[in-house]
Amino acid sequence: MAIEPKGIIVHSMAEYLKMPEGPMKAHDFLKSVKLSVHGFIHPDGTYEKMVESPGKAAHAGKSEWAGLEHLNNHFLGFELLVPGEHDFGTFSKAIETPGTYTKEQFDTAVATCKWWMEQYNILAENVVRHSDCSGDDVRGAGKGKTDPGSAFDWDAFKAALVA
């Protein structure tokens, strides 16, 4: 099912999730819990497609932005993969630690967003962090999303989108 993209959500998750049976790749984990995203941006800058855009992906959950709700119906999204194997605690720390994301990831994220912005006439103000559209204000105190965290230089990223 195709959507008419009105925005883009920047997510992040562990490259490998720490599981009782051993590490699980991000892509495999999302499939196992019946979630999806349009793509993954690996630490080396490689873009791995999961859902063809503008297909509908299950990535935003309870979300709202600029008067829209249920952003899976309106927004594209990708995951910046945090290097290594993480549980929630180590992931949460990593996304607040400078140097977690690579220059290659940053550059691919900018290129991906610029391409989508051009293809679907998406405005830069509708490129948002998962925490912007699914934070505590939307999901309830202590239940909101925090990714991609302060380790991702959002001001530089937004400036690069309009450069």
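How many nonpolar, polar and charged residues does the lining of the largest pocket have by class? The lining has ten nonpolar, ten polar and seven charged residues, where Ala, Val, Leu, Ile, Met, Phe, Trp, Tyr, Cys and Pro count as nonpolar, Asp, Glu, Lys and Arg as charged, and the others, Gly among them, as polar. The model is predicted, with local features needing pLDDT of at least 70 and side-chain atom pairs pLDDT 80 or more, while totals for chains, interfaces and linings use all residues. Residues are numbered from 1 along each chain as its sequence is written, and side-chain values use heavy atoms, without hydrogens and water.

A pocket is an open set of points on a 1 Å grid over the protein atoms alone, where a 1.4 Å probe fits, with protein on both sides within 12 Å along at least five of seven lines; lining residues have an atom within 4 Å of a point. The largest pocket is lined by 27 residues, and Ser12, Met13, Phe88, Phe91 and Lys145 lie nearest its centre. Strand S1 (7-17) gives the most to this lining, with five residues. Helix H1 (26-32), strand S7 (75-86) and helix H2 (88-94) each supply at least two residues.

The chain has six helices and eight strands, taken as DSSP runs (H or I, at least four residues; E, at least two) numbered from the N terminus. From that terminus on, the elements run β-β-α-β-β-β-β-β-α-α-β-α-α-α. Along its principal axes the C-alpha trace spans about 40 × 30 × 30 Å. Of the 163 residues, 49% count as buried, meaning under 20% relative accessible area with a 1.4 Å probe, protein chains only.

Notes:
Buried < 20%, exposed > 50% of the residue type's maximum accessible area, 1.4 Å probe, protein only.
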